[in-house]
Amino acid sequence: YCADIEMYDRFLPKYRAAVIPRKLLGVRRHVGQGSNTRVAFDEAIEIYTTAIHLHSERGNTVSEGICTGNLGSALAVQERWVEAEATLREASRLKC
């Protein structure tokens, strides 16, 4: 999702775009999907941070606000991962 937004941010200032009001393809989900991994959220944080600066420079306050909200969500998830990893390390240390 974040990589798509970043692509649109680069694409739309240079090319024409249109909305096609019908479903063109489906969404595929599977167990090995990487979009809900820590690496994906780290990438999302980087993309949203860059997008906030880009939209700020362009004066696009709506997109800047959306990216800021999404960045906050991604940072909250990242913090939960850090806490969970610390808890797992501590539990592993206590077992030894």
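Author: The largest nonpolar core has 12 residues in all: Cys 2, Ile 5, Phe 41, Ala 44, Ile 45, Ile 47, Tyr 48, Ala 51, Ile 52, Cys 67, Leu 71 and Ala 74. A nonpolar core is a set of buried Ala, Val, Leu, Ile, Met, Phe, Trp, Tyr and Cys residues joined through side-chain atoms within 4.5 Å, and buried means under 20% relative accessible area, with exposed over 50% and partly exposed in between (1.4 Å probe, protein chains only). The elements that give two or more residues to this core are helix H1 (2–11), helix H2 (38–58) and helix H3 (61–95), and H2 gives the most, with seven residues. Helices (H or I, at least four residues) and strands (E, at least two) are DSSP runs, numbered from the N terminus.

This is a predicted model, in which local features need pLDDT of at least 70 and side-chain atom pairs count only at pLDDT 80 or more, while totals for chains, interfaces and linings use all residues. Residues are numbered from 1 along each chain as its sequence is written, and side-chain values use heavy atoms, with hydrogens and water left out.

Turning to H1, its residues Cys 2, Ile 5 and Asp 9 are buried. Seen down the axis of H1, the buried residues fall within an arc of 60° (taken from the directions from the helix axis to the C-beta atoms), so they line one face of the helix. These buried residues of H1 pack against H2 (contact means heavy atoms within 4.5 Å).

The axes of H1 and H2 come within 9 Å and cross at roughly 30°, where axes are lines fitted to C-alpha atoms, for helices over the stretch in contact, and angles run from 0 to 180 degrees between N-to-C directions. That makes H1 roughly parallel to H2, since angles under 35 degrees count as roughly parallel, over 145 as roughly antiparallel, 65 to 115 as roughly perpendicular and the rest as oblique.

On the H2 side, His 55 is among the residues that meet H1, and His 55 is buried, with a relative accessible area of 4%. Leaving aside residues up to four places away in sequence, His 55 touches Asp 9, Asn 60, Ser 63, Glu 64 and Cys 67.

As for H2 and H3, their axes come within 9 Å and cross at roughly 155°, which makes H2 roughly antiparallel to H3.
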